[in-house]
Amino acid sequence: MTVGLVLTAFAFAIAGRRLWWLNRLAMSGQPAPERIAAARENVGRDVATEATEVLGQRKLLKWTVPGVAHALTFWGFTVLLLTIIESYGALFSRRFAIPGIGHWAFIGFIEDLFAVAVLAGLITFAVIRLRSDPHREGRGSRFFGSHTGAAWLVLGMILLVIVTLLLYRGAQINTGVFPYAHGAFASQIVGHWMAPLGSGVNSVLEVVFLLGQVAVVLVFLAFLVYSKHLHIFLAPVNVLFSRRPNALGPLEPMRSNGKVLDFEEADPDTDVFGLGKIEDFTWKGLLDMATCTECGRCQSQCPAWATGKPLSPKQVILDLRDHAFAKAPYLLASSDEEREKLPDAVKAEAGRPLVGSAEVHGVIDPDVLWSCTNCGACVEECPVDIEHIDHIDGMRRHQVLIESAFPVEAARMLKNLENKGDPWGMGAARRAEWMTELDFEVPVVDGKIDPDVEYLFWVGCAGALEDRARKTTKAIASLLHTAGVKFAVLGPAETCTGDPARRIGNEFLFSMLAQQNIETLNEAAPKTIVASCPHCFKHHRERVPAARRELRGDSPHPAAGPAGGRGKAQARRAGGGEADLSRPVLPGPAQQGVHAAARDPGGGARRAGHRDAPVQGTRLLLRRWRRADVDGRAHRQADQHRAHRGGPGAVPGHDLHCLPVLPGDARRRGQREEELRRGEGDPRGRRRGPAAGPVGEPGGEPGRRRRH
Ligand code: SF4
Ligand code: SF4
């Protein structure tokens with residue numbers, strides 16, 4: 001008993017000291033009062049989130065095999081808390097049983113069932129790690145860049161916890177002090193194996209393995225708080241304070257010391273402008289870093305990583321975490337004198353630029369920072385709700401607004417947005433050109449919208465100015481016209497929503513453009529806005545809260561929501577047959593809410609004779625469209641869509657949504673076809689990076705289909 005209690009006190013002291021240090025480090029970050037307020041105001045929602053995400057393991061179970069293995073381990077350890085109580089009780093009394101339930105056969109059965117389940121989970125994890133060994137698979141492994149040694153150590157410790165548990169319980173059965181007469185099937189089997197040793201040896205083994213069990217649990221506890229397995233404690237906290245419904249919505253406004261930054265009054269010398277150093281992160285940002293499990297799910301789904309670019313969302317979080325931990329003594333020092341006395345290594349770490357190339361020993365390389373497409377796959381995948389995009393875009397904000405350091409292509413785009421109101425610098429006058437190619441007149445709003453007009457069709461920059469996207473715009477306008485829907489457009493009065501500027505980090509330009517649009521829309525005062533561009537749709541529905549009072553967000557596609565529901569968008573072909581109710585193909589999880597709307601055309605649209613055009617799930621879409629880019633198979637995917645939609649009744653032009661996503665693929669496809677004509681090249685397409693290969697796609701590498 002004494003040995004057990006001394007070990008316990010020692011382990012709790014180590015773990016407590018580390019947790020206190022982590023708490024101080026997190027609190028050295030910027031305040032985030034909005035997170036605390038959101039948690040306080042939405043208790044019911046937070047309880048439901050904890051129940052589904054933490055207890056229900058919702059995100060983990062999206063990947064069936066590793067998800068089930070993790071769920072078994074997680075639930076197993078929750079149930080096995082009972083056995084830890086029993087172990088400690090046995091230190092005091094050999095015949096200890098949990099008061100009230102300690103002799104129920106059901107409890108003994110459940111404990112053993114989950115002990116076996118944890119063993120099954122461990123075997124699965126071991127197989128997954130062996131099959132996805134980063135030393136063999138390189139960037140193709142989701143564990144590439146993770147601390148695999150520590151992961152194996154933890155698997156070994158969990159194994160020891162279960163093994164010592166079953167051994168001391170088996171010995172207890174043989175010495176007659178086991179609290180459960182029936183039900184504990186695994187312990188009984190182990191006891192059966194140990195029975196030939198005799199009761200004397202079993203008495204000794206009972207004590208040895210009981211102390212072994214307590215020791216392993218305590219060593220495990222102390223190790224946890226120094227390793228990535230800290231997520232066992234931090235994940236529920238991180239999930240609680242994460243953005244809801246998730247961090248895929250609009251970017252948060254810039255904040256300094258917890259207050260939203262007012263550009264008119266902000267002072268770059270005293271206010272925080274984006275994330276320029278590790279202490280500019282909020283405590284929630286620092287909590288994100290400490291919570292990362294290094295599972296690599298984000299990395300495995302990141303299109304930048306998959307196409308051979310230097311960005312891995314996991315590595316970004318790990319690099320930030322390592323830097324925060326290494327700089328912590330500097331951040332936590334109470335005075336300049338104390339900082340002066342710190343080791344040189346700590347002072348060197350404190351002097352590293354947060355964003356900088358290898359030459360200047362930067363924490364995050366600029367190439368990493370600017371490789372992010374803001375697609376949101378990492379946020380969507382992360383089982384502990386880490387908000388990668390907020391961190392990446394926060395660093396971009398500082399680079400753009402304070403350092404004026406950003407790629408030359410972005411500079412051109414930002415200048416065009418500022419001067420001409422669109423990313424290509426084509427100017428407002430050309431926004432009306434597409435209308436001249438139609439055989440009917442599209443009403444253009446001048447001032448206040450006509451009260452008879454039900455919908456304002458927000459065309460968007462690409463829809464108005466980009467050649468192929470204009471086909472989509474004309475197709476939608478034709479559909480609305482054919483269906484007799486009264487609609488109008490803003491024409492030259494429309495300007496970019498500012499979303500591209502915001503995603504690049506120029507929050508100042510974003511506010512200017514957003515404000516300009518709000519004023520235009522306030523003057524027009526439309527009843528409902530419809531938009532074919534998912535980015536524009538999200539902007540109007542979510543990113544301009546001031547406009548939401550007046551502007552009721554509607555379905556991204558006129559035929560997919562209320563309009564279709566009222567039967568106004570039924571298109572009849574000239575031949576009399578019913579048409580497909582087309583639904584948009586959206587580019588990925590960043591437009592998640594839009595996508596969900598697109599998948600539900602509303603009851604009214606499901607009438608006899610109509611077929612719903614196929615819409616893929618968000619994650620499948622990401623894999624098909626983004627990962628198709630990986631080895632240049634977008635053309636095949638596009639052909640499949642065309643083939644699928646080209647059947648009887650199809651309305652041409654429906655698969656043209658978001659074509660601006662694809663020009664690179666189209667170009668590569670052209671190059672490949674040219675090479676093939678000349679007898680060069682590989683007809684399957686050329687791979688651009690070692691991680692190439694669409695996961696689970698027909699024709700993809702068999703070895704890359706699995707997700708572990
Ligand atoms: S948002 Fe997309 S591109 Fe950016 S890090 Fe996440 S997965 Fe990668
Ligand atoms: S950021 Fe999230 S998904 Fe990525 S490795 Fe960490 S825990 Fe896993």
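Visitor: To begin, what percentage of the residues of the chain count as buried?

Guide: Please keep in mind that this is a predicted model. A residue counts as buried if 20 or more other C-beta atoms lie within 10 Å of its own. In this chain of 708 residues, 43% count as buried.

Visitor: How many helices and strands does the secondary structure of the chain come to?

Guide: There are 32 helices and eight strands. Among contacts with a separation of 6 or more, 75% are accounted for by residues 24 or more positions apart.

Visitor: Where should I look for groups of buried nonpolar residues?

Guide: The general idea is that nonpolar side chains tend to be buried together in soluble globular proteins. Here the largest nonpolar core has 49 residues, and V445, L456, F457 and W458 are those that touch the most other members. Helix 25, residues 507-524, contributes the most to this core, with six residues. At least three residues of the core come from each of domain 2 (242-406) and domain 3 (426-679).

Visitor: Which residues does W458 touch, not counting residues up to four places away in sequence?

Guide: W458 touches E494, I529, V530, A531, C536 and H540. There is also a second, separate core, which has 45 residues and includes L275, V368, A377 and C378.

Visitor: Let us turn to the ligands. Which residues are the closest to ligand 1?

Guide: To read a ligand site, one lists the residues around the ligand and then asks which elements supply them. Ligand 1 is surrounded by 14 residues, the closest being C302, C372, C375, A377 and C378. Two or more residues of this shell come from each of helix 14 (303-306), helix 19 (377-381) and helix 20 (388-403). By class, the shell holds 10 nonpolar, four polar and no charged residues.

Visitor: How do the residues of the shell around ligand 2 divide by class?

Guide: That shell divides into eight nonpolar, two polar and four charged residues. Of its 14 residues, C292, C295, C298, K314 and C382 come nearest to ligand 2. Helix 13 (297-301) and helix 15 (313-332) each give two or more residues, and helix 15 gives the most, with three.

Visitor: K314 is named there. Why does K314 count as buried?

Guide: K314 is buried because 27 other C-beta atoms lie within 10 Å, and the cut-off is 20 or more. K314 lies in helix 15. Leaving aside residues up to four places away in sequence, K314 touches G145, E294, G296, C298 and Q299. Its C-alpha atom is separated by 9.3 Å from that of T293, 21 residues apart along the chain.

How values were computed:
Residues are numbered from 1 along each chain as its sequence is written. Chains are lettered from A and ligands numbered from 1 in the order in which they are written. This is a predicted model: local features need pLDDT of at least 70, side-chain atom pairs count only at pLDDT 80 or more; totals for chains, interfaces and linings use all residues. A residue is near a molecule or strand if its C-beta atom, placed from the backbone, lies within 6 Å of it. Helices (H or I, at least four residues) and strands (E, at least two) are DSSP runs, numbered from the N terminus. Ala, Val, Leu, Ile, Met, Phe, Trp, Tyr, Cys and Pro count as nonpolar, Asp, Glu, Lys and Arg as charged, and the others, Gly among them, as polar. A residue is buried if 20 or more other C-beta atoms lie within 10 Å of its own, exposed if 12 or fewer, and partly exposed in between; C-beta atoms are placed from the backbone. Two residues are in contact if their C-beta atoms, placed from the backbone, lie within 7 Å. A nonpolar core is a set of buried Ala, Val, Leu, Ile, Met, Phe, Trp, Tyr and Cys residues joined through C-beta atoms within 7 Å. Domain bounds come from an automatic or database domain assignment.
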